[in-house]
Amino acid sequence: MHRRTFFRLLAAAAAPTSLVTSRRRLATPLRAKAQSSQIPSGLPVLRVVSSYAPAPMPGMPGPYPGRVVSVKSEKCVDTATGTANDEVVREMMARGMRTLTGARTTPDAWRRFFQPSDQVGIKVNCGGYPYCISAYEIVAEVVRQLTGIGVRASQIYVYERFQNQMDEVNYAPHLPEGVQIVAAERANRNVDNSGYDPAVYLEADLFGEDDTRSSMMRLVSTRLTKIINIPNMKDHGAAGVTGCLKNIAYGSFSNVARTHQRGKSHTYSVIGTLASIEPLRSRTVLQIMDGLRGVWHGGPFARTAKYVFYPRQIMFGTDPVAIDRLLLDIIEHERRAHGAISIWDRSPASLKMDDSQARDEDPNVNILIREPGHVEYASTFGLGVYDRSKITIEGVTV
Amino acid sequence: MTPLVLALVALPCVYWTEGVESKARLEAASIKRICVAPEQVDAWRAAGFSVSPITAAELASREVLPGPGVTARAGLASPTRAPWIVANGWRFSRNAGAKYVYDVAPGTAALAAAEAFAYDADAILKIDPADLQAVGAMMTFLNGVPAADLPAIADLAVVDDGAAVTGEVMNLLARRNLLFKVVKAPSPEFRINIALGTPDYPLQEAADPSAFAQKIRRQLTDQQRSVRVYGSEIVICRLTGDRQRVRLHLINYGGAEIDGLRIRLRGAYRGGEAYIAGAGRVALEDQVVANGATEFSIPRLTTYAVIDLTGVH
């Protein structure tokens, strides 16, 4: 087995200072207007700084707002062992992409999104190691399809925020030589900032913290032209679920753990705001939700198999809100099946603040008031369709 | 007195009790200046060291400082994001002319030396011999920092009544990089004058100095703060300067190197360079001046860095 060297995209690779200066624009307010009676009052003031202009058609929601292709297969994972069937996964991927795009061939489907000149980021999720990460089989198939349409391996970047998580998961043996594996920080210790762009950030004072900025990864702002988002189907202690929106938002910005503490979670408004920041929003052109495996409690982590389940499906789309809207139901359904409290539960009786041990032992314990409403709130930025009745699901069975 | 002499005077002094036969260890650590008992002065001078005599009585008369660094205090500070910092800068600001002695735990002597230097404090370091190399390296670095005799910059004033609670308020203000000047009476120089026990700043509020500091932050507003730090919650700043230039001291209490630390200084400054302990002279990165503020990143921060910038007029 070989392992390529992980690296961070450091300051030297960023735009020269003069460019950074010209890109910088202070005080660009980007608060979503309240469009729903359910939006709570007292949301924090969030200030976005980015001088990147949106693409003519931003990647989110992209060409298929409100449309989700769900490919299911009973054979994709052996639920006794958790092992995925590579061949079945490939077929699910091919069918999903063709159905989404209407293309006659699988390469044509990929060509709808990518050109050989693109620098393509693949935002994986490694937080659920060892039981629920962006599957090797899916990531490898994405790379195979990209290289198949002419994107060189060296132009493909599998990325995540923390190198220690990438080390654990270790995608390298599953990928061709040349694919870049990039993390912004060695670990979640708040000491590595060079991998982030100081000119693109969200500024917010949420709990009186002194470090009020969350900056976009330099890889995203200065290198990538397209991004494929591969989240998992997971519960999340602060956000309710962690799907497309949370994976792309909190996985591309620094200093986001500060948004939830001591029972209170600001994920409600921060997730959608981060996802809407350019150039992340425009460049994230494809959502592939890995539902081979899932986590119905204790997320985003999966250090125990106790809360793992097997949806055995992959969802395809360009609308992160629509996919996450479906995810809310999937996680909620699974929790109900196990007799656990709802992800919408806001009862103080369920709250054991900061007691992650109690949360891990008991699915009826929250350590924070979850904010699954973040999905709907994200829709107010135009990131996608939340109304379930307006979401079209095209089911495919392999 | 020349600036160079000022700089030398500001260097903290390592207190050394071993005899001159131990000189090889000091030389190996590049430590050339020590404080010793009066009866040892001649021998050490003969051995080529710069020596300051210090009697046991004088040593005992100095204010003893706690070793600087980060410590866990359950329920008071998060272990990862905003841990409890033991720092002495506020003491130096409060009693500028006082004399101090650090009796530091292993591993923190270099940090103590940097802290004392940053505040021009008259401090003696009682160190663990295992820290000799680290202290020597820090002293060599401090000795090489260009001299700068600049007044401290502050955004607000604290009226010092000598009370312990006032000291704790100063501690938490410093912890949050809310730059203050210690005054004997409210100063018209500042919009905010904190006088504990007044209607604006009741004593009860100061019973929670962290919340109190947060109140002051809100009053001042982040936009009006002379210095902001992004990318860490364990770096404490001291800012000095005049109309021509500023010097920013960055003290990293966390023990782990920080890369890409982002700084915002109110005002327009150009050029600038960083002197970073362990790294030497380093260029600033991603420097921008906009909206009345200057921002830049420093590629890495070890224990201590000094940043000099020139004002734009």
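Predicted model: local features only at pLDDT ≥ 70, side-chain atom pairs only at ≥ 80, totals over all residues.

Q: What is the phi of B:T221 near?

A: The phi of B:T221 is near 75°, a positive value in a residue other than glycine. Most residues other than glycine have a negative phi.

Q: Is B:T221 buried or exposed?

A: B:T221 counts as exposed, because it has 9 C-beta neighbours inside 10 Å and the cut-off for exposed is 12 or fewer.

Q: Where in chain A is A:R262, and what is its phi near?

A: A:R262 is found in the loop between β14 (260-261) and β15 (264-265) of chain A. Its phi is near 50°, which is positive although the residue is not glycine. A:R262 is exposed, with 11 other C-beta atoms within 10 Å.

Q: Now peptide bonds. Which residue is joined to A:P130 by a cis bond?

A: That residue is A:Y129, and omega of the cis bond is about 10°. A:P130 is situated in the loop between β6 (120-123) and α4 (136-148) of chain A. A cis peptide bond also joins A:E278 and A:P279, with omega about 10°. A:P279 belongs to the loop between α8 (267-275) and α9 (280-283) of chain A. Most peptide bonds are trans.

Q: Let us turn to chain B as a whole. How many helices and strands does chain B have?

A: Chain B has 10 helices and 20 strands. Its radius of gyration is 20 Å, close to the 20 Å that the globule rule gives for 313 residues, so chain B is as compact as a globular protein of that length. The C-alpha trace of chain B spans about 60 × 45 × 40 Å along its principal axes.

Q: What share of chain B is buried?

A: Buried residues account for 43% of the 313 residues in chain B. As for contacts in chain B between residues at least 6 apart in sequence, 67% of them join residues at least 24 apart.

Q: In what order do the strands of the open sheet with β9 of chain B run?

A: The order is β10-β9-β11 in chain B, with 3 strands and parallel pairing. β10 (180-183) and β11 (193-194) of chain B stand at the edges; each has a single partner strand, so one side of each is left without a neighbour in the sheet.

Q: How many bridges join β9 to β10 in chain B?

A: 4 bridges join β9 (residues 156-159) of chain B to β10(B), and the two run parallel. B:A157 stands opposite B:K181 in β10(B).

Q: Which helix lies across those strands?

A: Helix α8 (residues 164-175) of chain B lies across β9, β10 and β11 of chain B, and runs at about 160° to β9(B).

Q: On to the nonpolar cores. Which residues touch the most other members of the largest one?

A: The largest nonpolar core has 112 residues, and A:I122, A:V139, A:A275 and A:I314 touch the most other members. Helix α10 (residues 320-337) of chain A gives the most to this core, with 8 residues. A second, separate core of 93 residues includes B:A114, B:A118, B:F141 and B:L196. In soluble globular proteins, nonpolar side chains tend to be buried together.

Q: What does A:V139 touch?

A: Leaving aside residues up to four places away in sequence, A:V139 touches A:I122, A:V124, A:S134, A:V158, A:Y171, A:H174 and A:I230.

Q: And A:V308: which strand is that in?

A: A:V308 lies in strand β17 (residues 308-309) of chain A. A:V308 is partly exposed, with 19 other C-beta atoms within 10 Å, whereas buried would require 20 or more. Not counting residues up to four places away in sequence, A:V308 touches A:Y131, A:C132, A:R293, A:V295 and A:A302.

Q: Finally, the interface. How many residues of chain A are in contact with chain B?

A: 20 residues of chain A are in contact with 27 residues of chain B. On the side of chain A that touches chain B, α1 (17-23) and β9 (196-203) of chain A each supply at least two residues. α1(A) gives the most to that side, with 3 residues. By class, the side of chain A that touches chain B has 6 nonpolar, 6 polar and 8 charged residues.

Conventions. Residues numbered from 1 in each chain as written. Chains lettered and ligands numbered in written order. Rg over C-alpha atoms; globule rule 2.2 N^0.38 Å. Contact = placed C-beta atoms within 7 Å. Core = buried A, V, L, I, M, F, W, Y, C linked by C-beta atoms within 7 Å. Nonpolar A, V, L, I, M, F, W, Y, C, P; charged D, E, K, R; others polar. Pairing = 2+ DSSP bridges. Axes fitted to C-alpha atoms, helices over the stretch in contact; angles between N-to-C directions.
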